[in-house]
Every structure is written in C-alpha cells, then in structure tokens.
Amino acid sequence: MAGVVEIAEKAGVSPATVSRALRGLHHVNEATRKKIVAAAMELNYPLRSDLIPRELVQRTNRIGVIAPYISRWYFAEAINGIEQSLREAGMDLLLYNFSEVDARQRIFQHKQLRGKVDALIVISMPPTDEEFTSLLSLGIPITTIGFVHEGCTSVAIDDVAGGKVATKHLTDLGHREIAVLSGQRETAYNFDVSDNRTKGYIEVLNEVGVEWNPDYEIRGDFNIYTAEIAMEAFLQRKRLPTALFCHSDEMAFGALKAIRKKGLRVPEDMSVIGFDDHLIAQYVGLTTVSQAPQFEGQVAAAAAISEIAHPVSEHKNILVPLSLVVRDTTAAI
C-alpha cells in the first residue's frame, strides 16, 4: 500500500504537507488538501471519510452489507432491519455474503467495493488489520454490528454482560452445577461472541464461589443439529449438571430435544436458558436473554445514512440493552 512519500510525489508536495493534510490539520491550503486527497484515493490510501471533498465522491445511493451468513437467525434479522431503514430512506442494499474464506478474501479487496456503495455495514465479523485497512482506503463510512472496531461507528450488545445475566438467573435459582453450550471458536471469521458470553458465565460462577469446570463446556456450532449431537454425547456421563446455559436459542432447541430424548425433564431435572429470544423461543417456553438484531440493523443503517450526509472524525459506540425473558425451562433447584 502507498504511503505518505508516494502520495507527496503524486501530488507534488512535501511529505510533511501530506501528513498535515491527512490528519485534518487546518493550516493546509484547501486546494492543496483536495489535491492530496485525490492522490491518496488514486493510490488506495486509507482516508477518513470527513476528509474527502464532496465533489470527489460519486454517490451510488446504495449501502453495502458484508455478512458471513444470511440464513442464520441473527444475520437474517439484522439484514432485515437494515433493509427496512434503507427502504424508508429511498436507498438500496447491496449484500456481500460468503460462506468460505476464499470468498471473504475477494470481498475485502477494495477493487470489489470501490465506487459501488456509499457506506458499508459489517455484521458480526471483525475484519483483520489488513482487511480493515482495505476498507478504510475506500474513504466511505463504515459501521459495524455485533462488535466494536476503532475507526468505525458500532452497534452492539455487551456479550459479557449477557453471559452474566443468563448465569445469574440460574444461580439465583440455587443452581451451582451449570454447564455451558458454546459455539465453536471460528478463527476463520474472528468471532468472539462465545468467548465473551463464557467470560460472563465464569465471572458469575466465581461470584458465588464456584470454580469453573471445563468438563462442563459443550461445543455446538450455533445451530440446532450440532447442538443436539453435542448434547447427546454429553448426556452419556454419569454425573450431570442441574442447569445449562446455551449461547444461542437455536442451540438450546437442539439441547432440549436431546435432554427429553434421554428421558429427562425440563426444568425438573435440568433447567435450560438460551440467548437471543428467537421467534420460536416463545412457542417452546424457552427462558432466554433477549437481544434485538433487527433493531441493531435499523440503528446501524441510520448511523451509516447520517455519516454519508455528514462525515465525522469521531465515531460512536452504540450499546443496545439486553433483557431477561423468563419462561418455562428454568426453575429453582
């Protein structure tokens, strides 16, 4: 990637002038600043969106959305919220979806995105440093959903706090032997959701004087099928916990099936709590920690639209609250 020296050569100014201009300092002639910004854009140098003159920006009236999945509940809900807000604003959505790492590498190349969208929303998938640099080089607003990244406006929940809410509900009911059904550590996508929810779970166990037992961690993959299989294997052991915290409602659905297939009762033999408040949760009576990804999508879209019209140098981290929804699958020990 080009640096200050290359930009200076292309713009015909000194590297010091380039440095001042790209930091947004005021003692740079406006015509010179525009020339430097234009040179930086040609060389794909990452720029703050507020530094790019309006006349150098060609509007597409589209916002791009990058997501690793579109069929999974969380992603579908967030995309639906984004689409609703964009439709109301008279804008279009351009979806970049992939399920393989090779496709991810193609999408994060600036050539795939330049000139096609006015802003980007990245859902629940922290970019690598190299990918983020490529996104910044586009010089358009970037908003993230589900994680916080410096240089972007973010809309997210506090997953550590969510893990604490779920586990505290169980400990308040007297449970001390609590298993956790977590998602795989998906290094290809840099997901940290499960790690953060597990962190909150362990913190609450420590608060009530319980040492975390790694044997009580079960690995699913944020879907019903893998959760059911993982839970069936776990239930073969002789000593079982009295409660289970699932990192998603979909994993909880699979766990409930496995538990009942084993001949155990919920919540009499084992309490189960999920995370999400999936549409189906109310129909199976699942106690859960409720989040609102559709609302997160709406907020992220509104933030992106606002930054297109009024570029900013300081970005907000918007925290969306969680709530506990108590239904039929948890009870006092």
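Contact here means heavy atoms within 4.5 Å. I keep that cut-off in mind for every list of neighbours below. The model I am reading is predicted.

**Entry 1: R197**

I looked up R197 and found R197 in helix α9. Is R197 buried or exposed? R197 counts as buried, because its relative accessibility is 5% and buried means under 20%. I then listed what R197 touches, leaving out residues up to four places away in sequence. The list is I157, D159, G163, F222, F245, H247, F275 and Q291.

**Entry 2: α8 against α9**

Two packed helices are described by the angle between their axes and the distance between the axes. Helix α8 covers residues 159–172, and helix α9 covers residues 193–207. Their axes come within 7 Å and cross at roughly 40 degrees. The pair is therefore oblique. The crossing of α8 past α9 is right-handed. Which residues make the contact? From α8 I noted D159, V160, G163, K164, T167, K168 and T171. From α9 I noted V193, N196, R197, K199, G200, Y201, E203, V204, L205 and E207. By class, I sorted them into five nonpolar, five polar and seven charged.

F222 lies in the loop between β7 (217–220) and α10 (224–234). Its phi is near 55 degrees, a positive value in a residue other than glycine. F222 counts as partly exposed, because its relative accessibility is 23%.

F222 also turned up among the contacts of E250. E250 sits in helix α11, residues 249–261. E250 counts as buried, because its relative accessibility is 19% and the cut-off is under 20%. Beyond its neighbours within four places in sequence, E250 contacts W73, F222, N223, I224 and H278. I also checked E250 against G274, 24 residues apart along the chain. Their C-alpha atoms are separated by 8.1 Å.

**Entry 3: the largest nonpolar core**

How many residues are in the largest nonpolar core? I read 59. I121, I123, M231, L244 and V272 touch the most other members. Setting aside neighbours within four places in sequence, I123 contacts V65, I66, A67, P68, Y74, F75, A78, I79, I82, I145 and F147.

**Entry 4: two backbone details**

S124 lies in the loop between β3 (119–123) and α7 (129–136). Its phi is near 50 degrees, positive in a residue other than glycine. S124 is buried, with a relative accessible area of 9%.

Where is P267? I found P267 in the loop between α11 and β9 (271–276). A cis peptide bond joins V266 and P267, with omega about 10 degrees.

**Entry 5: α2 against α3**

Helix α2 (residues 15–22) and helix α3 (residues 30–42) pack at about 90 degrees. Their axes are 10 Å apart. These two helices are therefore roughly perpendicular. T17, V18, R20, A21 and L22 of α2 meet T32, R33 and I36 of α3. I counted four nonpolar, two polar and two charged residues in this contact.

**Entry 6: the whole chain**

Last, I stepped back. The protein chain has twelve helices and twelve strands. Its C-alpha trace spans about 75 × 40 × 35 Å along the principal axes. Of its 333 residues, 50% are buried. Among contacts between residues at least 6 apart in sequence, 72% join residues at least 24 apart.

Notes:
Residues numbered from 1 in each chain as written. Predicted model: local features only at pLDDT ≥ 70, side-chain atom pairs only at ≥ 80, totals over all residues. Heavy atoms only, no water. Axes fitted to C-alpha atoms, helices over the stretch in contact; angles between N-to-C directions. Helix = DSSP H or I, 4+ residues; strand = E, 2+ residues; numbered from the N terminus. Parallel < 35°, antiparallel > 145°, perpendicular 65-115°, else oblique. Left-handed = near helix turned anticlockwise from the far one by under 90°. Nonpolar A, V, L, I, M, F, W, Y, C, P; charged D, E, K, R; others polar. Core = buried A, V, L, I, M, F, W, Y, C linked by side-chain atoms within 4.5 Å. Buried < 20%, exposed > 50% of the residue type's maximum accessible area, 1.4 Å probe, protein only.
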